[in-house]
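The sequence and the coordinates come first, and the notes follow.

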Amino acid sequence: MNTAITTIPLSTLGIGSACQIVSLNLQGLLRRRILDLGMVPGTPVQCIRKSPAGDPVAYMVRDTLIALRSEDASQIYVNPM
Amino acid sequence: MSAVIKPMTTLEEICTEAEKIRLSNPDLGDKIVSDIYQNAEMIAGPAVIKNSTDSRSWDHKLDDILTSRRLGYPIMFALLSIIFWITIAGANVPSQMIADTLFAFQDQLLIWFELAGAPSWLTGILVLGMFRGLAWVIAVMLPPMAIFFPLFTLLEDLGYLPRVAFNLDNMFRRCRACGKQILTMCMGFGCNAAGVVSCRIIDSPRERLIAVLTNNFVPCNGRFPTLIAIATIFMGGMVVSELQTAVASVVVTSLVVLGIFVTFAVSWALSHTLLKGEASSMVLELPPYRKPQLGAIFYRSLIDRTIFVLKRAIIMAAPAGAITWLLANIYIGEISIIGHLAAWLQPFAYAIGLDGFILLTFILGLPANEIVMPILLMCYLSTGQMMEYGTLEELRDILINNNWTWLTAVCTMLFCLLHWPCTTALLSAYKETGSKKWTFLTFLIPTVIAFIVCFIVAQSARLLNLV
């Protein structure tokens, strides 16, 4: 099991790279919102673009473009692919 | 068989039970969601045929331009300016037409009232007060809204608006507010009442309140004409006539920028005092760009927004028209009540660079900012009914004859930009927040800021002998 070593926060993913969600370290409303959007463990995610100011960042999840602030994205752990 | 399951009867019971199950097993919710998605994938996998990636690559190309580092902001400002320009330029003619029609009907009403032998005070209150006030609000408010809202809804329908929030979120995050607040501000340019209602799109209650409380700092369609007229007369009047429009545009744009700056400052201050809290999360969907559906745009912008706002404004403007007429036509001694009130406000108004009539006009214009200039002219010309100005030259002569200086102009514009929201916006704030306290603060914060800013400007200008 090398997941522990390669797991990184979603926020550190570079533009264009893809990954798979491992776990969500989020609580409350945001956790539900993220889950509702289909970002469950195992879901593939691709980092698409940064906003002009560098934050938030847009990710492609299940054919939908979703922008997250880096604070929130840093609580989502992923395996780069 | 002793265990009898007691049936649950109230919704509250069911919710408590559900909450209990949820808390006893923290992963349950996640499992349910994962399961739903797995099921959906299983069904969708073989059944749904995906289009080629063509449309998606179009989206990417558009996003590359519209959210790019270099072009993102300029395009945004250009689009907003174009919408303002079309609104201001396009509203003049229909406004005039509606005004002509309604005021012609007013003359007809006067004849009918006379034939019916109505006493002059009744004619005054109902026709010259209430009807004239209403006619004014409709004529000035309806055309710009009927132009602005469809254009704005068009941008919304195209899928561009979420990109604006995407571009600007960082600045709002620094004020611990939500990026979607910019959308409520854009809406506020059309009408602050609509802007306040649109704050519903913000998820976090704290950030939604910030957006409601600061919406008033973007000038609405009702205030733009006043700002433009004064800027053209006083700031434009300082340069040769060819440059007048350009200078006036720069002044109005600077005022808008100042308003946005105040929005950020107040949002920041609120996040650190009354509405203390960390920036909450923001999840923003950037939907694919799509062809606008014109029918839906017209329905949504005209029925949901324009008529909705107009209805609220009319409810407020009718009694205001009647009250204004009464104040202007009841004389105590030699002077009308308006004159007495203005005289009483004079020292206070002078301290903030205005005069008694201007301050009183803003107070009487509380129901709708559109009637501010008409009431002011009514006061200056003591005609007893709201007046229209023929040309800007006429307006300038009237204002200068009433001792306006450049300082009066600057302070009036600042006060107009920053002062309390109209009753329609306040009513919307009350409906949205459901709280008297927050509605009162929606009124109080801009009022205090307007007084402070105008006081500082007026006093410094006088201290430095600039006037």
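B:T439 lies in helix α19 (residues 436-463) of chain B, where helices (H or I, at least four residues) and strands (E, at least two) are DSSP runs numbered from the N terminus. The model is predicted, so local features need pLDDT of at least 70 and side-chain atom pairs count only at pLDDT 80 or more, while totals for chains, interfaces and linings use all residues. Residues are numbered from 1 along each chain as its sequence is written, chains are lettered from A and ligands numbered from 1 in the order in which they are written, and side-chain values use heavy atoms, with hydrogens and water left out.

B:T439 is buried, at a relative accessible area of 12%. Buried means under 20% relative accessible area, exposed over 50%, and partly exposed in between (1.4 Å probe, protein chains only). Apart from neighbours within four places in sequence, B:T439 is in contact with B:L426, B:A429, B:Y430 and B:T433; contact means heavy atoms within 4.5 Å.

In the segment after α19 of chain B comes B:N465. Its phi is near 60°, a positive value in a residue other than glycine, and at 63% relative accessibility B:N465 counts as exposed.

The loop between α17 (406-418) and α18 (423-433) of chain B holds B:H419. This residue is buried, with a relative accessible area of 1%. Leaving aside neighbours within four places in sequence, the contacts of B:H419 are B:N216, B:R223, B:F362, B:N369, B:P446 and B:A450. B:G195 is 224 residues away from B:H419 along the chain, and their C-alpha atoms are separated by 16 Å.

Helix α14 (residues 356-364) of chain B is largely enclosed by the rest of the structure, because 7 of its 9 residues are buried. The buried ones are B:G356, B:I358, B:L359, B:L360, B:T361, B:F362 and B:L364. Their cover includes α12 (294-329), α13 (337-351), α15 (372-381), α17 and α19 of chain B. At the start of α14(B), the backbone nitrogen of B:F357 has a side-chain oxygen of B:D355 within 3.0 Å.

## Strands and loops of chain A

Two strands pair if DSSP finds at least two bridges between them.

| Strands | Sense | Bridges | A bridge pair |
|---|---|---|---|
| β2 (residues 18-24) and β3 of chain A | antiparallel | 3 bridges | A:Q20 and A:P44 |

Two loops of chain A have backbone features to note. A:P56 sits in the loop between β3 and β4 of chain A, and the peptide bond that joins A:D55 and A:P56 is cis, with omega about 0°. A:D63 is placed in the loop between β4 and β5 of chain A. Its phi is near 65°, which is positive in a residue other than glycine; at 47% relative accessibility A:D63 counts as partly exposed.

## The interface of chains A and B

The size of an interface is often given as the accessible area lost when the parts come together. Here the area buried between chain A and chain B is about 2800 Å², and carbon and sulfur atoms give 52% of it. Buried area is the accessible area (1.4 Å probe) that two parts lose on being put together, summed over both. A:R49, A:P52 and A:R69 supply 28% of what chain A buries against chain B, more than any other three residues. In residue terms, 31 residues of chain A are in contact with 32 residues of chain B.

There are 7 salt bridges between chain A and chain B, each a side-chain nitrogen of Lys or Arg within 4 Å of a carboxyl oxygen of Asp or Glu. One of these salt bridges links B:R173 with A:D55, whose closest N and O atoms are 3.1 Å apart. On the side of chain A that touches chain B, the elements that give two or more residues are α2 (28-36), β3 (44-50), β4 (57-61), β5 (64-68) and α3 (70-73) of chain A. Of these, α2(A) gives the most, with 6 residues.

Conventions
A polar contact is a pair of N or O atoms within 3.5 Å; within protein, one must be able to donate a hydrogen and the other to accept it, and residues adjacent in sequence count only if both atoms are side-chain atoms.
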